[in-house]
Amino acid sequence: MMRFRFTQTAIDTALARRELLDPAAGGYVSFEGWVRDHNEGQEVTRLEYEAFQELAVKEGERILAEALRRFPVKHALCIHRVGTLALSDMAVWVGVSSVHRGEAFDACRFIIDEVKHRVPIWKKEHYRSGDSGWVNCERCAAAPGHAHAHEHEHHHEPAALTIHK
Amino acid sequence: MQLKIKIQYYALMREQAGRSEETIETSSVTPADLYGELSGRYGFTLAREQLKVAVNNEFSDWSRPLEEGDAVVFIPPVAGG
């Protein structure tokens with residue numbers, strides 16, 4: 001089973017957590033990303049996630065392998081939802097087990113940050129106003145003359161600002 | 001020389017192209033050329049510098065020579081999580 005996966009249905013965290021169990025592990029850290037009701041001044045009513053799954057799974061696996069190399073943790077998993085999500089639905093789950101807690105927190109943070117920046121997944125926000133837009137794409141489209149500046153922004157402004165509390 | 005290339009579209013690119021995939025005969029020799037050709041056809045709003053590109057399900061250089069039967073995906077700025 002791949003350590004990075006997609007699901008079209010609700011993420012089963014109880015089941016995923018079981019895969020992290022290890023007699024040598026002293027604990028585990030998880031992160032859940034939830035659909036938030038606002039972004040950049042707009043009232044969000046639902047989200048659609050879409051992924052280029054063939055490449056996304058490869059890149060996701062590379063991130064998890066990097067995390068296991070960089071941090072002395074036991075196991076790491078990431079599950080990402082695709083399809084239409086309602087407010088408060090879980091969009092992504094990351095779990096890491098380790099001997100001690102410090103490296104589990106560090107590895108979990110590393111994984112979610114890298115997933116947001118590197119894995120080919122897109123989200124479309126639907127707003128109360130009736131408008132909709134692809135996050136990180138529409139502002140660029142409005143100002144193609146500033147491509148470089150915007151690209152810089154994409155790589156360094158965590159998408160966390162747009163969805164996670 | 002014409003090459004047969006498959007293109008898959010996702011997210012904003014899919015909406016602007018009005019399709020999820022197509023196979024075309026093209027004289028473009030690199031993904032960069034191909035993006036220029038298809039921008040002319042579909043009026044993509046994103047500049048190439050804002051995108052990444054994948055060939056045969058792996059990230060690729062924009063200047064890699066295309067080969068017969070390659071599958072190309074243009075990757076707009078990502079927003080997972």
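# Reading a sheet, a core and a chain

Me: Which strands form the open sheet in chain A, and in what order?

Reply: Strands of a sheet pair through backbone hydrogen bonds, either parallel or antiparallel. Here 4 strands form an open sheet in chain A, in the order β1-β5-β7-β2, with mixed pairing. Strands (E, at least two residues) and helices (H or I, at least four) are DSSP runs, numbered from the N terminus. Two strands pair if DSSP finds at least two bridges between them.

Me: Which strands stand at the edges?

Reply: β1 (4–7) and β2 (27–34) of chain A do. Each has a single partner strand, so one side of each is left without a neighbour in the sheet. β2(A) is joined to β7 (residues 90–98) of chain A by 8 bridges, and the two run antiparallel. Glu32(A) stands opposite Trp93(A) in β7(A).

Me: Is this an experimental or a predicted model?

Reply: This is a predicted model: local features need pLDDT of at least 70, and side-chain atom pairs count only at pLDDT 80 or more, while totals for chains, interfaces and linings use all residues. Residues are numbered from 1 along each chain as its sequence is written, and chains are lettered from A and ligands numbered from 1 in the order in which they are written. pLDDT is the predictor's confidence in each residue, from 0 to 100. Chain B averages 97. The complex has an ipTM of 0.96 and a pTM of 0.88.

Me: Which strands does helix α2 of chain A touch?

Reply: Contact means C-beta atoms, placed from the backbone, within 7 Å. Helix α2 (residues 53–70) of chain A packs on the sheet and touches β1 and β5 (73–81) of chain A. α3(A) packs on the sheet too, touching β2, β5 and β7 of chain A.

Me: Which residues touch the most other members of the largest nonpolar core?

Reply: In soluble globular proteins, nonpolar side chains tend to be buried together. A nonpolar core is a set of buried Ala, Val, Leu, Ile, Met, Phe, Trp, Tyr and Cys residues joined through C-beta atoms within 7 Å. Buried means 20 or more other C-beta atoms within 10 Å of a residue's own; exposed means 12 or fewer, and partly exposed lies in between. The largest core has 57 residues, and Val96(A), Ala107(A) and Ile111(A) touch the most other members. Helix α3 (residues 101–118) of chain A gives the largest share, 6 residues.

Me: What pattern does chain B follow?

Reply: Along the sequence, chain B reads β-α-β-α-β-β-β. Of its 81 residues, 32% count as buried.

Note on methods: Two residues are in contact if their C-beta atoms, placed from the backbone, lie within 7 Å. Axes are lines fitted to C-alpha atoms, for helices over the stretch in contact, and angles run from 0 to 180 degrees between N-to-C directions.
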